[in-house]
Amino acid sequence: MASIARSSLLRQVATKPAFQKSIIARAAFHTTAKRDLLPPLPQRVVGTVNDAAPVPPPSPSHGSYHWTFDRLVAASLIPLTVAPFAAGSLNPTMDAVLCATLLIHSHTGFQNIIVDYVPQYRTPRARKAAIWGLNAATVVVGLALYEYETSDVGITETIKRLWKA
């Protein structure tokens, strides 16, 4: 009995002009148009559906050796960061090694991001520009770190002073 009454009441409410105006007013705040911030890159199909997926040729400079090098550099940052403070002496050579390791770690990390997210086959010019920009930024940061190490107090002394401040 309640279901019969409910459907007739809903029909009466839906036919009232006030109800229809409120639907229109609420619909003005909602959009169904899809707006892409960045349009998709051009698509192209190489081969046919029945072709096997292309497998890149094996290279010793990529893959596991590259990953192992990245992990070794990242793991070496831990003792290089702790050693000057644990030993109590601030050695300029240790400071230079720490700066060089930080620079290599940052460069390889950003390079991995570019390789992963800027595909060569879809955007070759953007990838080349990103790699050149990364190389230029690495050189500029390397020169800035060298200047800071030779003419100022250095990285570990700066961290020591910030820690005490």
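Helices here are DSSP runs of at least four residues, and strands are runs of at least two. Counted that way, the chain of this predicted model has six helices and zero strands. Reading from the N terminus, the order of elements is α-α-α-α-α-α.

**The chain overall**

- The chain has 165 residues, and 13% of them are buried.
- Its accessible surface comes to about 13,600 Å², with carbon and sulfur atoms accounting for 68% of that area.
- If you take the contacts between residues at least 6 apart in sequence, 61% of them join residues at least 24 apart.

**Helix 4 and the annotated histidine**

- UniProt, in an unreviewed entry, places a "binding site" feature at His-105.
- You will find His-105 in helix 4, which covers residues 92-117.
- His-105 has a relative accessible area of 31%, so it is classed as partly exposed, because that class lies between the 20% limit for buried and the 50% limit for exposed.
- Setting aside neighbours within four places in sequence, His-105 touches Val-73, Ala-74 and Leu-77.
- Thr-108 is also a residue of helix 4.
- With a relative accessible area of 9%, Thr-108 is buried, because the cut-off for that class is under 20%.
- Beyond neighbours within four places in sequence, the contacts of Thr-108 are with Phe-69 and Asp-70.

- Helix 5 runs over residues 124-151, a stretch of 28 residues.
- At 1.5 Å a residue, helix 5 should span 40 Å, and its end C-alpha atoms lie 41 Å apart, so the two values agree.
- Arg-127, Leu-134, Thr-138 and Glu-149 are buried in helix 5.
- The partners that the buried residues of helix 5 pack against are helix 4 and helix 6.

- Ile-155, Thr-156 and Glu-157 are the buried residues of helix 6.
- The cover over these buried residues of helix 6 includes helix 3, helix 4 and helix 5.
- The structure holds one salt bridge, and Arg-161 forms it with Glu-157.
- The closest N and O atoms of Arg-161 and Glu-157 are 3.2 Å apart, which counts because the limit for a salt bridge is within 4 Å.
- Arg-161 and Glu-157 are four residues apart in helix 6 (residues 155-164), so about one helical turn separates them.
- An α-helix has 3.6 residues a turn, so residues three or four places apart point the same way.

- Phe-85, Leu-90 and Ile-159 make a nonpolar surface patch of about 220 Å².
- Phe-85 belongs to helix 3, residues 64-87.
- At 36% relative accessibility, Phe-85 counts as partly exposed, and it can join a patch because patch residues need over 30% relative accessible area.

Definitions and conventions:
Residues are numbered from 1 along each chain as its sequence is written. This is a predicted model: local features need pLDDT of at least 70, side-chain atom pairs count only at pLDDT 80 or more; totals for chains, interfaces and linings use all residues. Side-chain values use heavy atoms; hydrogens and water are left out. UniProt positions are given in the numbering used here, feature names are shortened, and annotations may be inferred rather than shown by experiment. Buried means under 20% relative accessible area, exposed over 50%, partly exposed in between (1.4 Å probe, protein chains only). Contact means heavy atoms within 4.5 Å. A salt bridge is a side-chain nitrogen of Lys or Arg within 4 Å of a carboxyl oxygen of Asp or Glu. The expected span of a helix is 1.5 Å times one less than its number of residues. Patches are made of residues with over 30% relative accessible area and no salt bridge: like charges are joined within 9 Å, nonpolar side chains (Val, Leu, Ile, Met, Phe, Trp, Tyr) within 5 Å. Accessible areas come from the Shrake-Rupley method with a 1.4 Å probe; for residues, only the protein chains shown count as cover.
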